[in-house]
Amino acid sequence: MSYFITIEGPEGSGKSTVVKAIEETLVKDFRVITTREPGGIKISEDIRNILLDDASAMDYRTEALLFAASRRQHLVEKVLPALEQGKIVICDRFIDSSLSYQGYARGIGVDEIRAINEFAIEGKYPDLTLYLRVEPEVGLSRIKENSRETNRLDKEALNFHQRVVDGYDQLLNAHPERIKLIDASQPIDAVLEKCIEAIYKFIR
């Protein structure tokens, strides 16, 4: 039994916390690995450092191409082998992040970003995506309150982060069979409960 499950959402939605907690719950019944994008393997982590360097003045299309390159290597080196071994892969971000951040928020165009990423993933979409939705003001305030290290994307203007949420909302409406909405404005325990409920409903 193998499933590819992704956790998506804007900055400060609690994805990383949820991914860790989901692993701790699912590992009781299944073989599970967790990973993240960009990152998860050495090449992709190196690309991540370039992408999130807040001193970098990066062209938007370069940014999109680097995300796709990182995604490709991560997919073939870590995700696909784990799925072939019958594991459940829980990934913090995947293609929907690029569609929302670069396609919608950067204004490059969703079709253009989808084309780049289709080349990278060869049609390997997640089986299930949990969209942790939170208003950008709330998410950004959480980052400040938790004293989390900020990166180049965190420091974008508020209207950029609002466009990210708008992008995710449009993806949710376009793919309701795959993407499930989780209200991430709730306390983290409630968010986790809804995530676990959605995953078990899907895989059982």
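A residue is called buried when its relative accessible area is under 20%, exposed when that area is over 50%, and partly exposed in between, with a 1.4 Å probe and protein chains only. The structure is a predicted model, in which local features need pLDDT of at least 70 and side-chain atom pairs count only at pLDDT 80 or more, while totals for chains, interfaces and linings use all residues. Residues are numbered from 1 along each chain as its sequence is written, and side-chain values use heavy atoms, with hydrogens and water left out.

The protein chain contains 8 helices and 5 strands; helices (H or I, at least four residues) and strands (E, at least two) are DSSP runs numbered from the N terminus. Read from the N terminus, the order of elements is β-α-β-α-α-β-α-α-β-α-α-β-α. The radius of gyration of the protein chain is 16 Å, close to the 17 Å that the globule rule gives for 204 residues, so the chain is as compact as a globular protein of that length. This radius is taken over C-alpha atoms, and the globule rule is 2.2 Å times the number of residues to the power 0.38. Along the principal axes, the C-alpha atoms fill a box of roughly 45 × 35 × 30 Å.

Of the 204 residues in the protein chain, 51% are buried. The accessible surface of the chain comes to about 9,600 Å², and carbon and sulfur atoms hold 51% of this surface; the areas come from the Shrake-Rupley method with a 1.4 Å probe, and for residues only the protein chains shown count as cover. A contact means heavy atoms within 4.5 Å. Among contacts in the protein chain with a separation of 6 or more, 79% are between residues 24 or more positions apart.

Helix 1 (residues 15-26) has 12 residues and reaches 16 Å from its first C-alpha to its last, close to the 16 Å expected at 1.5 Å a residue. The expected span is 1.5 Å times one less than the number of residues in the helix. The buried residues of helix 1 are Lys-15, Val-18, Val-19, Ala-21, Ile-22 and Leu-26. An α-helix has 3.6 residues a turn, so residues three or four places apart point the same way. The cover over the buried residues of helix 1 includes strand 1 (3-8), strand 2 (32-36), strand 3 (88-92), strand 4 (128-133) and helix 8 (188-203).

Val-18 lies in helix 1 and is buried because its relative accessibility is 1%. Residues up to four places away in sequence aside, Val-18 touches Leu-132, Ile-188, Val-191, Leu-192 and Cys-195. Arg-133, in strand 4, is partly exposed at a relative accessible area of 21%. Beyond its neighbours within four places in sequence, Arg-133 has contacts that include Val-165, Asp-169 and Leu-181. The C-alpha atoms of Arg-133 and Pro-10 are separated by 7.1 Å, although the two residues are 123 residues apart along the chain.

The peptide bond from Glu-37 to Pro-38 is cis, with omega near -15°, and Pro-38 is in the loop between strand 2 and helix 2 (42-51). Arg-93, which is not a glycine, has a positive phi of about 85°. Arg-93 lies in the loop between strand 3 and helix 4 (95-105) and counts as buried because its relative accessibility is 11%. Glu-122 also has a positive phi, near 50°, and is found in the loop between helix 5 (110-121) and strand 4. Glu-122 is exposed, with a relative accessible area of 63%.
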